[in-house]
Amino acid sequence: MSAAWSPSQYLRFEDHRTRPAMDLLARVAAPNATRITDIGCGPGNSTELLIERFPLADILGMDSSPKMIEAAGKRLSSCRFELADIASWRPDAPQDLLFANAVLQWLPDHETLLPTLMSFVRDGGMLAVQMPDNLNEPTHVGMRTAADDGRWVDRLRAADGERTTILSASDYWSILKPHAAKIDIWRTTYNHPLAGLDGIVDWFKGSGLLPYLSRLSVVEQAEYLRIYKGLLADSYPVMADGTVLLPFPRLFIVASR
């Protein structure tokens, strides 16, 4: 991803963003795991869950964002963190658990990527994946619609392609089946209570909006966000107390070798 991540912006909604990682970890049955890598560890909120669950394991947090690695290191000073690109990363030993929470949607070619990741898992080990499955939600349709404005349409055309289209559960089953003894796939829609439409905008400023905003000037960003917020109004009604519920579908995969 070309945009620069902001740990502070991302963690403004830490409780909401960490809950899917907790739900993913709840389906991981690896009581004796000793080698674990948190792929795309971000600011360390998911790594912290792994440390709590596996206090005796050798846990590595890996991310391609220097700012995220710096934030994770400050949060968990006793843990190892590594700056690396998932597409070219190779572990130094077979893994008991590869944990990939909300990161693989930024990488292409899942037909090749997931079998490659499974090849890093030892016999009896697990690959655990969670990905936002919201490209067809009004939040992301609105991002693409706002990007069509003639003032910046040429610059933002590439932003649409930074997120990978999530495949179907059947597709992932077929991709992983030759490499896994057991596969568990499910999809959950969370309903996050946020502070009005501004809450939705703030949420995605830490993730999905980054490819768009990073290609605009400060003045253009404000105008883009004004258009984007207006597009959200019809799909996300503000309730009497000022709250908006943000439906957020996510796909989960736990594959065991």
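Biologist: Is the crossing in which H5 passes H8 right-handed or left-handed?

Modeller: In this predicted model, the axes of H5 and helix H8 (residues 169-176) come within 9 Å and cross at roughly 50°. Helices (H or I, at least four residues) and strands (E, at least two) are DSSP runs numbered from the N terminus, and axes are lines fitted to C-alpha atoms, for helices over the stretch in contact, with angles from 0 to 180 degrees between N-to-C directions. A crossing is left-handed if the near helix is turned anticlockwise from the far one by less than a right angle, and right-handed if clockwise. H5 passes H8 in a crossing that is right-handed.

Biologist: What is the model, and how are its residues numbered?

Modeller: Local features need pLDDT of at least 70 and side-chain atom pairs count only at pLDDT 80 or more, while totals for chains, interfaces and linings use all residues; side-chain values use heavy atoms, with hydrogens and water left out. The model is predicted, and residues are numbered along each chain as its sequence is written, from 1.

Biologist: Which residues of H8 make the contact with H5?

Modeller: Contact means heavy atoms within 4.5 Å. On the H5 side are His-110, Glu-111, Leu-114, Pro-115 and Met-118. The H8 residues are Tyr-172, Ile-175 and Leu-176.

Biologist: How many residues of the contact of H5 with H8 are nonpolar?

Modeller: Ala, Val, Leu, Ile, Met, Phe, Trp, Tyr, Cys and Pro count as nonpolar, Asp, Glu, Lys and Arg as charged, and the others, Gly among them, as polar. This contact has 1 polar and 1 charged residue. The nonpolar count is 6.

Biologist: Which are the edge strands of the sheet?

Modeller: The sheet is open, with 7 strands in the order S3-S2-S1-S4-S5-S7-S6 and mixed pairing. Two strands pair if DSSP finds at least two bridges between them. Those pairing on one side only are strand S3 (80-83) and strand S6 (182-195).

Biologist: Which residue in S3 is the bridge partner of Leu-60?

Modeller: Strand S2 (residues 58-63) pairs with S3 in the parallel sense, over 4 bridges. In S3, the partner of Leu-60 is Arg-80.

Biologist: What angle does the direction of H5 make with that of S5?

Modeller: Helix H5 (residues 110-119) packs on the sheet and touches strand S1 (35-39), strand S4 (95-101), strand S5 (121-132) and strand S7 (243-256). Its direction and that of S5 make an angle of about 140°.

Biologist: How is H6 placed against H11?

Modeller: Helix H6 (residues 138-147) packs on H11 with the axes 9 Å apart and an angle of about 135°. Angles under 35 degrees count as roughly parallel, over 145 as roughly antiparallel, 65 to 115 as roughly perpendicular and the rest as oblique. H6 is therefore, relative to H11, oblique.

Biologist: How many charged residues does the contact of H6 with H11 have?

Modeller: Residues of H6 including Pro-138, Met-143 and Ala-147 meet residues of H11, among them Tyr-224 and Leu-231. The contact has 9 nonpolar and 3 polar residues, and the number of charged ones is none.

Biologist: At roughly what angle do the axes of H9 and H11 cross?

Modeller: The crossing of H9 and H11 is right-handed. The axes of helix H9 (residues 196-205) and helix H11 (residues 218-232) come within 10 Å and cross at roughly 125°.
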